[in-house]
Amino acid sequence: MCGIVGYIGKNQAAPIVLDGLSKLEYRGYDSAGVALCVNDEIRVVKAQGRLAVLAEKLNGMPPMASHCGIGHTRWATHGAPSDVNSHPHCAARVSLVHNGIIENYAQLKEHLMKRGYEFCSETDTEVLVKLLDHNYHGEPLDAILRTLEQVRGSYGLAILFKDFPGQIFSVRKESPLIVGYGAGENFLASDIP
């Protein structure tokens, strides 16, 4: 069980994502992280421990102007609680947060390692983001569909593609994911609070 939040809209994303994560911290307190679309790149900040550690880390950094971001609070299922196992996980062109369990991640990881992918975490989610990057050829929805055809398990995902700044892609199977539409802004969360 993990907490996922996403925001896109007219306001600064980081404070809204952090506020959303604070309401979902009961879903995971091993680590937390955010991925923010800043200009033409995705910036990721992660921290082991409770959400307050991440908030303190962000407060100590120069402000990042972003109107689109995703965040995650982690309850460790694959890999010990650590900065490197924290979400969001990234590949060259993709960043994502995940709630659920990828059952065939070991086989997928072996397949990707044979194709030259390297892994730094012990998580099933890093395998998922690298597989998504492997399947990405400029069209996000096609890459997502191709990736999910290869995956067995449950998931709620919020995904950012570097080539599509200001857009959040999401999908779910057997894990909760709620979308909220607002005036000039939209939200994503793994639970109602």
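I began with H3 (residues 105–114) and H4, which pack at an angle of about 45° with their axes 9 Å apart. For me, helices (H or I, at least four residues) and strands (E, at least two) are DSSP runs numbered from the N terminus. Axes are lines fitted to C-alpha atoms, for helices over the stretch in contact, and angles run from 0 to 180 degrees between N-to-C directions. The angle makes H3 oblique to H4; under 35 degrees counts as roughly parallel, over 145 as roughly antiparallel, 65 to 115 as roughly perpendicular, and the rest as oblique.

I noted the ground rules too: this is a predicted model, where local features need pLDDT of at least 70, side-chain atom pairs count only at pLDDT 80 or more, and totals for chains, interfaces and linings use all residues. Residues are numbered from 1 along each chain as its sequence is written, and side-chain values use heavy atoms, with hydrogens and water left out.

**H3 and H4, continued**

H3 passes H4 in a left-handed crossing. That word applies if the near helix is turned anticlockwise from the far one by less than a right angle, and right-handed is the word if clockwise. I then looked up who touches whom, with contact meaning heavy atoms within 4.5 Å. H3 brings Tyr105, Leu108, Lys109 and Leu112, while H4 brings Asp124, Val127, Lys130, Leu131 and His134. I sorted these into 5 nonpolar, 1 polar and 3 charged. In this sorting Ala, Val, Leu, Ile, Met, Phe, Trp, Tyr, Cys and Pro are nonpolar, Asp, Glu, Lys and Arg are charged, and the others, Gly among them, are polar.

**H4 and H5**

Next I followed H4 (residues 124–135) to H5 (residues 140–150): the angle is about 130° and the axes are 8 Å apart. That makes H4 oblique to H5. The crossing here is right-handed. On the H4 side I listed Leu128, Leu131, Leu132 and Asn135, and on the H5 side Ala143, Ile144, Arg146, Thr147 and Gln150. The tally for this contact is 5 nonpolar, 3 polar and 1 charged.

**H1 and H2**

I turned to H1 (residues 13–23) and H2 (residues 51–59), whose axes come within 10 Å and cross at roughly 170°. The two are therefore roughly antiparallel, and their crossing is left-handed. Leu18, Leu21 and Ser22 in H1 meet Leu51, Leu54, Ala55 and Leu58 in H2.

**The largest pocket**

I checked for open space and found about 260 Å³ in the largest pocket. Of its 17 lining residues, Phe187, Leu188, Ala189, Ile192 and Pro193 are closest to the centre. A pocket, on a 1 Å grid over the protein atoms alone, is an open set of points where a 1.4 Å probe fits, with protein on both sides within 12 Å along at least five of seven lines; lining residues have an atom within 4 Å of a point. Points are joined across faces, edges and corners, and the volume is the space filled by probe spheres set on them. Strand S1 (3–9), H1, strand S9 (178–181) and strand S10 (185–189) each give at least two lining residues. H1 has the largest share, 4 residues. The lining splits into 11 nonpolar, 3 polar and 3 charged.

**Two loops**

I looked up the cis peptide bond between His87 and Pro88, where omega is about 0°. Pro88 sits in the loop between strand S4 (68–74) and strand S5 (89–90). I also noted Asn39, a residue other than glycine with a positive phi, near 55°. Asn39 is in the loop between strand S2 (31–38) and strand S3 (41–48).
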